[in-house]
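Hello,

Here is the structure I promised to pass on to you. Please have a look at it first, and then read my notes below.

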Amino acid sequence: MQIAAPAKINLNLRVLGRNNATGYHDLETWMVPVTLADELRVALTDTPGITLTCSDPDLDSGSGNLAWKAADLFLRETRHPGGAAIELHKHIPHGAGLGGGSSDAAAVLRALNEQAGRPLDVTALEQLAAQLGSDIPFFVRARPAMARGRGEILHAQPLPQPLDLLLLKPPFAVETAWAYRQWSGGNFCPEEWTAPQLHDGIEIVNDLERPVFAKFITLAALKKWLLGHSLVAAAAMSGSGSCLFAILRDARGAGQLAAEAQEEFGRTLWTAACRTA
């Protein structure tokens, strides 16, 4: 079965504080899927065991990969006697704050559930996904939603209209756990670098920019450059980074903006034009 695993952006992300009961930070974030997506081929097999092949040689193809973990959890939960075979073709960069690994895991759950005759309803799939990671329940339905708690409490939040985007990622990753630890530590960059923006009634803001920008000054410089560009209506970091998204005034300007950004910040800057899905 072929299935797409979409990336996401966080239009806004507020960190409410560390929850000592769960060990995670409570947050409130509006997550929106986008048209950039990984591609997977997933199959139930008669033979026990899980095989995973991945187009990105830098990623774990074994039990350290969330897609592998999702298959393992589904097989155990449904007591399926066989196994699973997964082919993963990556388009979403890792360490970007775009949720690629989480989306891959949710896609595996959905695909295996479909092939097994839907033993689990959507709610049960979301509960299973929550055992794997905070963002994964969102990708089970993959629709715009406000997420609370550690990200597993979801309420549908449609967008007023689709947004045309350019994604931009420098050649380094930001570790999510590190970003949240830095937020707790209070090592922040100046507030004017991260001030909220308003776009068509949507607040664009990310509380994790302050600790991340304090270390990764390139991201702050890239955001400032984007906000000064005539083609950009708003810009912010997605999740814990290191990817920024620019909301475009006109989708036809994506190529020009990407070229100018690479001229300014180097050819190693990854870019992808997409839109909210």
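Predicted model: local features only at pLDDT ≥ 70, side-chain atom pairs only at ≥ 80, totals over all residues.

Helices and strands here are DSSP runs (H or I with at least four residues for helices, E with at least two for strands), numbered from the N terminus. Residues are numbered from 1 along each chain as its sequence is written.

Let me start with one loop. Ser 240 sits between β10 (232-237) and β11 (244-248). Ser 240 is buried, as its relative accessible area is 4% (buried means under 20%, exposed over 50%, and partly exposed in between, with a 1.4 Å probe and protein chains only). Its side chain makes a polar contact of 3.0 Å with the side chain of Thr 176. Such a contact is a pair of N or O atoms within 3.5 Å; within protein, one must be able to donate a hydrogen and the other to accept it, and residues adjacent in sequence count only if both atoms are side-chain atoms. Leaving aside residues up to four places away in sequence, Ser 240 touches Gly 97, Val 174, Thr 176, Ala 179, Leu 208 and Val 212 (contact means heavy atoms within 4.5 Å). The loop between β10 and β11 also holds Ser 242, which a cis peptide bond with omega of about 15° joins to Gly 241.

Two other loops have a residue other than glycine with a positive phi. Arg 118, between α2 (100-115) and α3 (122-130), has phi near 55° and is exposed, with a relative accessible area of 58%. Asp 200, between β8 (197-199) and β9 (202-206), has phi near 50° and counts as partly exposed at 49%.

Now for the whole protein. There are 8 helices and 12 strands, and buried residues make up 51% of the 277 residues. The radius of gyration, taken over C-alpha atoms, is 19 Å, which agrees with the value near 19 Å for a compact globule of 277 residues (the rule is 2.2 Å times the number of residues to the power 0.38). The C-alpha trace spans about 55 × 40 × 35 Å along its principal axes. Among contacts with a separation of 6 or more, 72% are between residues 24 or more positions apart.

Enjoy exploring!

Methods
Heavy atoms only, no water.
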